[in-house]
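Subject: Structure for you to look at

Hello,

The structure we talked about is below, with notes on what turned up in it. Please read the notes with the model open.

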Amino acid sequence: MAKSKSKKIKASKELQFKVGTGKIDEKVIKDAQKALEDSKVDFAPLARPDLNKLQKAIDAAREDFSDSDAVMDSIKTPIMNLKANAGSFDYEFVSNLTGMILMFFESVDKPDKKVIQIADVLHKTILLALAYNMSGDGGKNGKILFETFEQICKKYKPST
Amino acid sequence: MNAPKQKQKDPYSLKSFRVLVADDYPFMADLMTSMIRELGVEHILLANSGAEAKEMVMMFNADPGSPNHIDMVITDWLMPGGDGDELIRWIRDSKKDAIKFLPVVLCSAYTSEEIVTIARDSGANEAMVKPISAKKMADRILHVINHPRPFIKTPNFFGPDRRRRLEKYKGEERRVMKPDEVKETHERL
């Protein structure tokens with residue numbers, strides 16, 4: 001019989017011996033979450049570099065979108081960062097919106113003018129959300145904007 | 001039966017736990033640090049790139065006898081100077097046991113399915129989708145401690161076993177997870 005080329009190494013319990021096992025008290029987790037929510041970091045200046053990168057990616061894509069993977073990567077990367085940071089700094093609306101758009105971009109095989117336009121409108125929407133301090137879920141306007149983007153993405157048909 | 005060499009401490013004393021956080025966003029790194037500290041971890045190291053994280057891992061874990069080993073790395077995926085998955089591959093390729101078996105949690109803003117696949121294939125122990133929360137962070141840290149996985153070595157892969165253990169079906173009870181639990185699992189990611 002041929003000898004297997006894979007080897008299984010037993011799980012180490014070293015960390016359990018060092019710190020114990022079990023659960024962390026719910027209160028400790030709540031306090032940690034509070035520390036996160038109480039952080040007084042302003043998201044707007046943090047978002048600026050990614051918004052600039054997104055703007056550059058959109059401008060470049062308008063000139064030439066023949067290299068589909070490169071175009072989509074350059075657009076998606078700053079949006080990913082915005083999604084991550086917005087959620088961590090109490091801009092749930094921006095985080096949800098960018099998350100939804102990322103999922104839409106995942107379904108795009110080849111970028112076309114409409115896709116680039118959606119990225120551009122998203123960029124402008126985030127700029128406005130920051131200008132108007134649309135933190136949290138963005139309230140009524142946030143809901144309307146989210147649903148509008150959702151409809152746009154649902155109606156999208158690739159250019160032939 | 002062999003008795004454990006070391007006696008287990010009281011449940012969860014994360015004071016002596018040493019975590020390295022690798023993230024190129026200083027604000028995000030600070031945020032993660034303060035959250036992990038609130039969870040009880042007193043030793044937190046910061047690296048702002050993959051390259052810096054490698055240096056720190058070498059510094060603290062290269063000597064097998066050192067009492068100051070890093071116990072876990074929490075790394076961002078996209079970073080200048082070496083991405084998170086490159087860092088994980090470097091860790092898993094190390095010849096030193098204190099480095100190659102180091103638990104790693106990969107964080108990313110990317111959609112769940114893709115990050116889980118990348119994390120699994122590069123040898124991460126756990127994946128975490130941003131935005132982070134205290135519960136997500138605690139879940140990941142505790143999961144790595146409570147459920148250590150065996151490591152698999154093949155010609156093309158070295159890392160934690162990518163196949164999670166499945167419970168056997170009992171009688172007519174075909175559904176192992178209830179729909180709410182499936183949803184919960186996805187949300188956990």
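In β5(B), B:V129 is the bridge partner of B:S108. That pair belongs to a parallel pairing in which 4 bridges join β4(B) to strand β5 (residues 126-129) of chain B. Please keep in mind that this is a predicted model.

On its other pairing, β4(B) is joined to strand β3 (residues 72-76) of chain B by 4 bridges, and these two strands also run parallel. Here B:L106 in β4(B) is the bridge partner of B:T75. B:T75 of β3(B) is also the bridge partner of B:A22. Strand β1 (residues 18-22) of chain B pairs with β3(B) over 4 bridges, in the parallel sense.

Taken as a whole, the sheet is open and has 5 strands of chain B in the order β2-β1-β3-β4-β5, with parallel pairing. Its edges are β2 (43-47) and β5 of chain B; each has a single partner strand, so one side of each is left without a neighbour in the sheet. On average, neighbouring strands are turned by 20 degrees against each other, direction ignored.

How many residues of strand β4 (residues 104-108) of chain B are buried? The count is 5 of the 5, so the strand is largely enclosed by the rest of the structure. In a regular strand, side chains alternate between the two faces of the sheet. For β4(B) both faces are covered: B:V104, B:L106 and B:S108 are buried on one side, and B:V105 and B:C107 on the other.

Helix α1 (residues 26-38) of chain B lies across β1, β2 and β3 of chain B and runs at about 170 degrees to β2(B). α6(B) packs on the sheet as well, where it touches β3, β4 and β5 of chain B, and its direction makes about 175 degrees with that of β5(B).

The length of helix α6 (residues 134-146) of chain B was checked too. At 1.5 Å a residue, its 13 residues should span 18 Å, and the end C-alpha atoms are 18 Å apart, which agrees. Buried residues in α6(B) are B:A134, B:K136, B:M137, B:A138, B:R140, B:I141 and B:I145. Two of these, B:A134 and B:M137, are in contact with B:M35, as are A:A32, A:A35 and A:L36 from chain A, leaving aside neighbours of B:M35 within four places in sequence.

B:M35 comes up again in the largest nonpolar core, which has 82 residues: B:L20, B:M35, B:V57, B:V73 and B:L106 touch the most other members. The largest share of this core, 8 residues, comes from helix α4 (residues 68-88) of chain A.

B:F101 sits in the loop between α4 (97-100) and β4 of chain B. B:F101 counts as buried because it has 21 C-beta neighbours inside 10 Å, where the cut-off is 20 or more. Not counting residues up to four places away in sequence, B:F101 touches A:S12 and B:F151. B:F151 is 50 residues from B:F101 along the chain, and their C-alpha atoms are separated by 8.0 Å.

On confidence, chain A averages a pLDDT of 90, and 98% of its residues score at least 70. Within chain A, the lowest mean is 88, in helix α2 (residues 26-37), and the highest is 95, in helix α6 (residues 113-131).

Regards

Technical notes: Residues numbered from 1 in each chain as written. Chains lettered and ligands numbered in written order. Predicted model: local features only at pLDDT ≥ 70, side-chain atom pairs only at ≥ 80, totals over all residues. Buried ≥ 20, exposed ≤ 12 C-beta atoms within 10 Å, placed from the backbone. Pairing = 2+ DSSP bridges. pLDDT = per-residue confidence, 0-100. Core = buried A, V, L, I, M, F, W, Y, C linked by C-beta atoms within 7 Å. Contact = placed C-beta atoms within 7 Å. Expected span 1.5 Å × (residues − 1). Axes fitted to C-alpha atoms, helices over the stretch in contact; angles between N-to-C directions.
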